[in-house]
Amino acid sequence: MQMHSRSNSALLLSFCLILVACGSAPEKLNFRSEQANKLSARADAAFLQGEYEGAKHDYLLALRIHQSVENAAEIAIMRFNLARVFREQAHPEQAHLQLDALFSEPALPYPPATLAAAAALKSQFYLEGNEPSLALSWTKKGEGYCQKNCTVAGSLLLLRAQLAQRDNRLDEALKFADDAVAALNSGVQQMELANAQRFSGEISLDRNDFTRAIHSFQQALALDQKLGIPGKIRLDLLRLGAAHERAGAESTALHFYARALNVSDAMGSVQGADEVRAYMKGLQNNSAVNTPEPR
């Protein structure tokens, strides 16, 4: 089975966490801003629980409050978060409308770092929608706002890597992925760093560089275990199994597949467990084909 990246969801979540950090203001807030921040915090919690309708409701209320006092920084964050909610609800057109509002007149003085994140998110949406030319255009726009030193610099490099991989420019994709790892290796954006390590491993696997792929997947696994993200741990174990299988180490591959299956079962993910079983079945079938019959 061919490996494909499934890092996108975490990419978007990392953007969210970055923007929450950027949006927190140290000075004492007025009553309306405090009210909006409480709504936003409640929406963040609902989003993480998968309660998207509740998250949308509270983000919209918070947005209206911030609009009433022209709090540009928080308006940008609320629109960004609403775009993420609409994505999860399978309404990409509504997601784009929220982000487009940040780049349309009348434009408030939105923080460049937030505009860079919004452009990166639009690029991700277009990448998911199989529109790579638009994805590249918005990645470039994000880079213009970012100037290589904003909080989403690593994420923009990761988008570049994904676009290069789509065109089978694997050497270039690996260079972008390695640059993303370097940009994210500050100890702050650990979730996004794990995504970059995993994606670097996937590119290395495409290049049949199994040693490097295994090392990258191990790095991603260590980070995801530290962060405590079961879905990503399962994915890292699955990738490690596939890399060892491709390298001819079938018993080690089976070990990692079995661990991935245990994590899937513990998560209660039937779909995840079925995916792992498919890999295990493929490994067993290949072993049967390659084993000579006794004479």
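A: The link of Cys146 and Cys150 is left-handed, with -105 degrees about the S-S bond. This is a predicted model, in which local features need pLDDT of at least 70 and side-chain atom pairs count only at pLDDT 80 or more, while totals for chains, interfaces and linings use all residues. Residues are numbered from 1 along each chain as its sequence is written, and side-chain values use heavy atoms, with hydrogens and water left out.

The sulfur atoms of Cys146 and Cys150 are 2.1 Å apart; a disulfide is taken as a pair of cysteine sulfur atoms within 2.5 Å. A search of the whole structure finds one such link. Burial is judged by relative accessible area: buried means under 20%, exposed over 50%, and partly exposed in between, using a 1.4 Å probe and protein chains only. Cys146 has a relative accessible area of 3% and is therefore buried. Cys150, at 15%, counts as buried too.

Next comes the backbone. Helices here are DSSP runs of H or I with at least four residues, strands are runs of E with at least two, and both are numbered from the N terminus. Most residues other than glycine have a negative phi, and most peptide bonds are trans. The bond that joins Glu105 and Pro106 is cis, with omega about -5 degrees. Pro106 is found in the loop between α5 (92–100) and α6 (112–128).

Ala90, which is not a glycine, has a phi near 65 degrees. Ala90 lies in the loop between α4 (72–88) and α5, and its relative accessibility of 57% makes it exposed. For Asn130, also a residue other than glycine, phi is near 60 degrees. Asn130 is placed in the loop between α6 and α7 (132–146); at 53% relative accessibility, Asn130 counts as exposed.

Gln197 lies in α10, which covers residues 190–206. With a relative accessible area of 13%, Gln197 is buried. Contact means heavy atoms within 4.5 Å. Leaving aside residues up to four places away in sequence, Gln197 touches Val181, Ser216, Gln219, Ala220 and Leu223.
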